[in-house]
Amino acid sequence: MTGPIPLPVTTSSAPCGPTDLTLTPADDRPALRADAARNRTRLLEAALRLLTECGAANLTMEAVASAAGVGKGTVFRRFGDRTGLLIALLDHQEQQLQAAFLSGPPPLGPDAPALERLHAFGPALIRHERDHHGLILAARTDPVRNYAVPANRLRHTHVMLLLRQAGVRGDTDLLAHTLLAAADTALVHHLTGERGMPLDRVEAGWHDLVDRLAHTP
């Protein structure tokens, strides 16, 4: 998934010496020609309208083709299959979140202390996962692969870096995974949708975890 990528960052706060925390590009898809990019955007906009109206379960390649006024083959050539379409839609939404925490205003963006950014990141991510849970779960065909997709690697690297900059001690690699698990799509949907838990309570759980980590001697 695409998004603005900062320059390589290294830190010497890790127990084993400097660690390369380069945020790598989300994918290696070649740049599209202007007309191809416009056509792709047109298809994605049609798919987003259908997604809002019908839900992810009813989103089909045929429906997208019809809504966009193109042949079904055009959609298949652009996205490969339904999973490819879902991933492209996720990429479209993920760009906005990435832009916010990589280059947006504080406290989520760079011009704020690491601990403040960490506190701001949780609610932003939780709300993103709640708002797009149907699309995310539909695209998550392989739960194990979820940890390897570029967007999630970027999130993990970002949280790990903020933990280190905030002076959190311990295994920041595993601690970053623990924090991100608290904002997992399925968990957020279960808590807010099935158990009726207020969103601010879920967000308070994130803040509590961050405070506990930050004040651990």
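Visitor: Is Met61 buried or exposed?

Guide: In this predicted model, Met61 has a relative accessible area of 4%. Buried means under 20%, so Met61 counts as buried.

Visitor: Where is Met61 placed, and which residues is Met61 in contact with, leaving aside its neighbours within four places in sequence?

Guide: Met61 lies in helix α2, which covers residues 61–68. Setting aside neighbours within four places in sequence, its contacts are Val75, Phe76, Phe79, Asp81, Arg82 and Leu85. Take Phe79 from that list: Met61 and Phe79 are separated by 18 residues in sequence, and their C-alpha atoms are 9.3 Å apart in space.

Visitor: What describes two packed helices?

Guide: The angle between their axes and the distance between those axes. Here, helix α5 (residues 114–131) and helix α10 (residues 199–214) have axes that come within 10 Å and cross at roughly 150°. An angle over 145 degrees counts as roughly antiparallel, so α5 is roughly antiparallel to α10. The crossing of α5 past α10 is right-handed.

Visitor: Which residues of α5 and α10 meet?

Guide: On the α5 side they include Leu118, Phe121 and Ile126, and on the α10 side they include Val202, Trp206 and Val210. The residues of this contact divide into 10 nonpolar, 3 polar and 4 charged.

Key: Residues numbered from 1 in each chain as written. Predicted model: local features only at pLDDT ≥ 70, side-chain atom pairs only at ≥ 80, totals over all residues. Heavy atoms only, no water. Axes fitted to C-alpha atoms, helices over the stretch in contact; angles between N-to-C directions. Helix = DSSP H or I, 4+ residues; strand = E, 2+ residues; numbered from the N terminus. Parallel < 35°, antiparallel > 145°, perpendicular 65-115°, else oblique. Left-handed = near helix turned anticlockwise from the far one by under 90°. Contact = heavy atoms within 4.5 Å. Nonpolar A, V, L, I, M, F, W, Y, C, P; charged D, E, K, R; others polar. Buried < 20%, exposed > 50% of the residue type's maximum accessible area, 1.4 Å probe, protein only.
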